[in-house]
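Subject: Structure handover

Hi,

Here is the structure I promised to pass on to you. Please open it next to this message, and I will go through what turned up.

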Amino acid sequence: MKCNRLVDTGRRQFLRGGVMATAGAAATAVTGANEAKAQTALARVDYPANRLANVADLAVNEPVDVAYPDADSPGVLLKLGQAVEGGVGPDGDIVAFSILCPHKGWYLGYNTEDRTFNCPGHHSRFDAEAGGQQVWGHATNNLPQFVLRIDDAGDIYAEGVDELIYGRLSNTL
Amino acid sequence: MGYKRQVDRLPIIPADAKEFNVTCHYCIVGCGYKAYTWPMNKQGGTAPEQNKFGVDLSEQQYQDTEAWYAPSMYNIVKQDGRDVQLVVKPDVNCVVNSGLGSIRGARMAENRPSRVTGTQQQRLSDPLVWRNGVWQPTSWDDALDLVARVTAQVVTEGSEDDLVVSLFDHGGSAGGYENTWATGKLYFQSMSIRNIRMHNRPAYNSEVHTSRDMGMGELNNSYSDYEATDTIFVVGANSMETQTNLFLNHMVPGMQNGAKFIMIDPRRTVTVHSAEQFAGKENVLHLPINEGTDMVVLNAIMTHIVDNGWVDGEFIANSTFQGGEAVAQDAAHPASLGSLDHAMRAIRTSLDEAAETCGVDAADIAKAAEWIAKPHEDGSRRKCASAYEKGIIWGNDNYRTVGAMVNIALATGNVGREGGGVCRLGGHQEGYYRPDESRCRPSGGICRSVSDPWPWWRAPRLGLRSPQDHDQRRRVQEGP
């Protein structure tokens, strides 16, 4: 049972290319001693800073579809109405998460009543108010949360992810 | 705030990584996993020819993909004396779990001992001996010598019967054969000791010896029977949480194929809720009985089935004991065994009696009996796959309660047939293999060991003459 929304997500790749960290790519430059010298590689993924929305676009408890760090990684931006850990904005209540279930990659639905993300496939649940902590389920990590920053104009930027996103062995592709 | 691993990428399994089949060692379901190992100084790449999956890992992989693994599925472990990288991930081609991982099995890699990553450092790698008031590490030679000397002294200064052995039985994580065979060889064959018990059991026998006394081992169907049945009947188990992939990969497809789901359990567990989500509330019946009243409700269901003639007469005539009592009640048999008529004289329980005792509606008990046994409108028999676990096993009336469960399966002909079975749901991957120990045990009078699971010579209450083993779960373990 594949999710139809996969088609809509598309394969736009306009974010690709400039943000890729070099992970172990060997350089071919030859030194004087005739030995291959490894290229300096970054130890962590280098995340882009992408504008997701403006504070004015958000209404309490109404998730907005976003994608981060690229168009193939769907997520939601959410204003919870009360300050939570990791929340940003004037009320400290704006958070964003990947919505691919870290168990098997199904699209999570948002339950506005208890503010959890719920998997239709195998019923895992994640708490939007507790950093995506798994309430119950089969995933072996909590829901990846996007690190947010808000500028003076109220624009919300994502600048990082705190867990490995389902379906990619590097959070940036 | 939820704990975050802060892992933003994982090493890629190279195309030439070693590959192993693994059977998850946690629960009895026995899900298939693949283990991959490769040297520390190597790694795969995103190009299809550079990784084990042969796909472009610079692209997002989608739902249910084989080509992704969580941080919990990676570790650095010793293999052949060297540190290697390890990934243990669900096997999409295993019919047991079809690529699903549970919160247990999906953590097998990070639950390996590793001096590099610091996981599972509490696990013993060398023997400890209590000397001079502290646990002191010692060599295997020293530890085994000590065990041998103490054992010999007990036998020579006392008698062989002074030796009491308590041994483990669960060989998960590749330990089964080596350990169970060695202890059996020593204590059963070489020493022929008299007093022995294993694991959680007061006697050296099955946890559900009623089932065996009645003629069938406790694992008597295939998982596919749950997919091909009319009703799934579960008592005292919370399968969504504790046999996760049996539930998700076999019971759920059964419900999606139209099976009804009955749960008898004092608790409204997540299994009940999940079944309602998958099958619809109208196809799920939960009987939240008072604790410890399972046998009563089961006997009421049995009585209702028999009184309505929903039994499988041909099966009963051909495959169950005829002619009254076969085995009398005694210290080793908390209930007598015999024919259907013999059983009914003892267990007859009305719906109202059960409703009063169990705290559930009589109508719901009747409904359960209907869902289990009432023939289809065209007259064809209903198929019912029954399953039970700790809720009735770990009680003081284990013998009779498990027997009440098996009675229903026998009366309805749901043994050795497609869509049937009456099985345990719990335990571990025991990997059990021991020389036979067939002398009578003083503690329980159960005269056959668990390695001889078909004591059909013992006349059952409603026993099969020729039970068949449909246990198709055991996979050969070839773990790292």
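A quick definition to begin with: helices (H or I, at least four residues) and strands (E, at least two) are DSSP runs, numbered from the N terminus. With that in hand, β1 (50–54) and β2 of chain A can be located, and the loop between them holds A:Asn61. Please keep in mind that this is a predicted model.

Let me stay with chain A for a moment. Its secondary structure amounts to one helix and 10 strands, and read from the N terminus the order is α-β-β-β-β-β-β-β-β-β-β. The chain has 173 residues, and 54% of them count as buried. Its accessible surface is about 7800 Å², with 50% of that belonging to carbon and sulfur atoms. As for contacts in chain A between residues at least 6 apart in sequence, 44% of them join residues at least 24 apart.

Some backbone details in chain A may interest you. Most residues other than glycine have a negative phi, and most peptide bonds are trans. A:Asn61 has a positive phi, near 65 degrees. With a relative accessible area of 13%, A:Asn61 is buried. A:His123 also has a positive phi, near 70 degrees, and sits in the loop between β6 (116–118) and β7 (125–127) of chain A. A:His123 counts as buried because its relative accessibility is 16%, and the cut-off for buried is under 20%. Then there is the peptide bond between A:Tyr68 and A:Pro69, which is cis, with omega about 0 degrees. You will find A:Pro69 in the loop between β2 (64–67) and β3 (74–79) of chain A.

Now to chain B, starting with helix α8. This helix covers residues 294–307, 14 residues in total, and spans 20 Å from its first C-alpha to its last, close to the 20 Å expected at 1.5 Å a residue. Is α8(B) enclosed by the rest of the structure or open? Because 11 of its 14 residues are buried, α8(B) is largely enclosed by the rest of the structure. The buried residues include B:Asp294, B:Met295, B:Asn299 and B:Thr303. Just after the helix, B:Gly309 has a positive phi of about 75 degrees.

What does α8(B) cross? Its axis and that of helix α12 (residues 362–373) of chain B come within 9 Å, crossing at roughly 60 degrees. That angle is why α8(B) is oblique to α12(B), and the crossing is right-handed. On the α8(B) side the contact is made by B:Val297, B:Ala300, B:Ile301, B:His304 and B:Ile305. On the α12(B) side, B:Ile365, B:Ala366, B:Ala368, B:Ala369, B:Ile372 and B:Ala373 take part. An α-helix has 3.6 residues a turn, so residues three or four places apart point the same way. The five α8(B) residues in this contact, B:Val297, B:Ala300, B:Ile301, B:His304 and B:Ile305, are also buried.

Leaving aside neighbours within four places in sequence, its contacts are B:Thr183, B:Tyr187, B:Ile196, B:Arg197, B:Met198, B:His199, B:Tyr204 and B:Arg434. B:Thr183 is 16 residues from B:Leu167 along the chain, and their C-alpha atoms are separated by 7.9 Å.

Happy browsing, and best wishes

Technical notes: Residues are numbered from 1 along each chain as its sequence is written. Chains are lettered from A and ligands numbered from 1 in the order in which they are written. This is a predicted model: local features need pLDDT of at least 70, side-chain atom pairs count only at pLDDT 80 or more; totals for chains, interfaces and linings use all residues. Side-chain values use heavy atoms; hydrogens and water are left out. The expected span of a helix is 1.5 Å times one less than its number of residues. Buried means under 20% relative accessible area, exposed over 50%, partly exposed in between (1.4 Å probe, protein chains only). Contact means heavy atoms within 4.5 Å. Accessible areas come from the Shrake-Rupley method with a 1.4 Å probe; for residues, only the protein chains shown count as cover. Axes are lines fitted to C-alpha atoms, for helices over the stretch in contact, and angles run from 0 to 180 degrees between N-to-C directions. Angles under 35 degrees count as roughly parallel, over 145 as roughly antiparallel, 65 to 115 as roughly perpendicular and the rest as oblique. A crossing is left-handed if the near helix is turned anticlockwise from the far one by less than a right angle, and right-handed if clockwise.
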